[in-house]
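Please look through the sequence and the structure shown below before reading on. The report then takes up a few parts of the chain in turn.

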Amino acid sequence: MKAAHLVEPVTGRVLTDQAVVIEGDRIKVVVAAADLARVIPPGASARTIDLGGATLLPGLIDCHTHVTSQPENFYEDLFRRSPIDEAITAHLYARRTLAAGFTTIRNVGSGSYAEVALKRFINQGLFPGPRIYTATKGLGITGGHADINGWSPDVPLRGYAQIVDGVDAIRHAVREQIKYGADLIKITASGGVLSSGDSVHHEQYSEEEIRAAVEEAARLGRKVAAHAHAAKGIVNATRAGVASIEHGSLIDDLGIALMKQKGTYMVPTLYTLDFIIDEGKESGVPQYGIDKAREISRVQRANLKKAYQAGVKFAYGTDAAVFPHGRNARDFGILVDQLGVPPMEAIRMATQYAADLIGISDTAG
């Protein structure tokens, strides 16, 4: 495959007239187009794809997706869609994600284990889609962001995650999710935007509970990602040893200092607030969700810009599923224009740094 330009994120160079030699399903080598004859043995069967003036770069990585769902109608989705619906439609969202240039995703929570099957089928070549590293169901407290609140106690609603409370229950849930295919664990450390009955300003799991999840996951070779908007939730999760903070909207100076000290990644998910504010009503997002999005949008970007400029590590993530899959690249413009991230650094966040967070730097990024 030949192209006029190729982006090399590790060195930050943009090379000209390059060729990517692919053998089977792996990149074998990247060389100057003029040197192709040197790396392809004489008589070898090879097909050349000339992309002309295009620019190549490594496959992008989105560290925060929910590939089994996306907004259609909030209450219809809540009460009529089942894990069967998720399983049947997820491959469509996976295809859109791949077509948007994202060849790897970290799926940080779903209502079922459907994405474990999706991952298996993609790996077997049955469906086109990105590599998937999945957190399966994720963990949330009773009545918290991952639960479903505000309805009659006689209406059984399963929540958006595995709802567990207390250290022992969390340890068991971590083991259970890994048993059924989790590559990482997602834990809800603070309130959220689209949930009823909780506040983005409040912590949820205690530091002790989060530490139990981190220890149990580490024992089984997994990392933990923590949903956290609230400043105290970010501090609790970082002290407990999570690998990443998802969202981080209300981070304060203590949270910034702790994340720098521990090398914790920030996964910022920026465009998702714009979507909720601008298009959420059309998708049936309740007014409380739009109001919460407006509230934290006033400070989110200033806080994250401060964290970035202070030296907190960032990995690219979007929260695709809150907005339609396929728009995963929208965060790049916000990172550059509003957080002051240089364009090459934004690319590194979605390649080199994202691969480091997931733990796949030897094969991707």
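D17 is placed in strand 2 (residues 13-23), where helices (H or I, at least four residues) and strands (E, at least two) are DSSP runs numbered from the N terminus. Although D17 is not a glycine, its phi is positive, at about 50°. Most residues other than glycine have a negative phi, and most peptide bonds are trans.

T136, also a residue other than glycine, has a positive phi near 45°, and it is found in the loop between strand 7 (131-134) and strand 8. T136 is buried, because its relative accessible area is 0%; buried means under 20% relative accessible area, exposed over 50%, and partly exposed in between, with a 1.4 Å probe and protein chains only.

## How the model is to be read

This is a predicted model, in which local features need pLDDT of at least 70 and side-chain atom pairs count only at pLDDT 80 or more, while totals for chains, interfaces and linings use all residues. Residues are numbered from 1 along each chain as its sequence is written, and side-chain values use heavy atoms, with hydrogens and water left out.

## The nonpolar cores

A nonpolar core is a set of buried Ala, Val, Leu, Ile, Met, Phe, Trp, Tyr and Cys residues joined through side-chain atoms within 4.5 Å. The largest nonpolar core has 59 residues, and L139, I210, I245 and F314 are the ones that touch the most other members. Helix 10 (residues 287-310) gives the most to this core, namely six residues.

If residues up to four places away in sequence are not counted, I210 touches I187, A189, Y205, N236, A237, A240 and V242, where contact means heavy atoms within 4.5 Å. A second, separate core has 12 residues, including Y265, V267, A354 and I358.

## Helix 10

Helix 10 has 24 residues and spans 35 Å from its first C-alpha to its last, close to the 34 Å expected at 1.5 Å a residue; the expected span is 1.5 Å times one less than the number of residues. At S297 helix 10 bends by about 40°, the bend being the angle between axes fitted to the seven residues ending there and the seven starting there. Among the buried residues of helix 10 are G289, I290, I296, Q300, R301, L304 and Y308. Just after helix 10, G311 takes a positive phi of about 105°.

How do the axes of helix 10 and helix 11 cross? The axes of helix 10 and helix 11 (residues 330-339) come within 10 Å and cross at roughly 80°, so helix 10 is roughly perpendicular to helix 11. Such axes are lines fitted to C-alpha atoms, for helices over the stretch in contact, with angles running from 0 to 180 degrees between N-to-C directions; angles under 35 degrees count as roughly parallel, over 145 as roughly antiparallel, 65 to 115 as roughly perpendicular and the rest as oblique. In this pairing, R301, L304, K305 and Y308 of helix 10 meet I334, Q338 and L339 of helix 11.

## Two buried loop residues

I148 lies in the loop between strand 8 (139-140) and strand 9 (162-163), and it counts as buried because its relative accessibility is 17%. Leaving aside neighbours within four places in sequence, I148 is in contact with L78, L157, G159 and Y160.

A350 is in the loop between helix 12 (343-349) and helix 13 (352-358), and it counts as buried because its relative accessibility is 0%. With neighbours within four places in sequence again left aside, A350 is in contact with G59, L60, I61, Y316 and F332.
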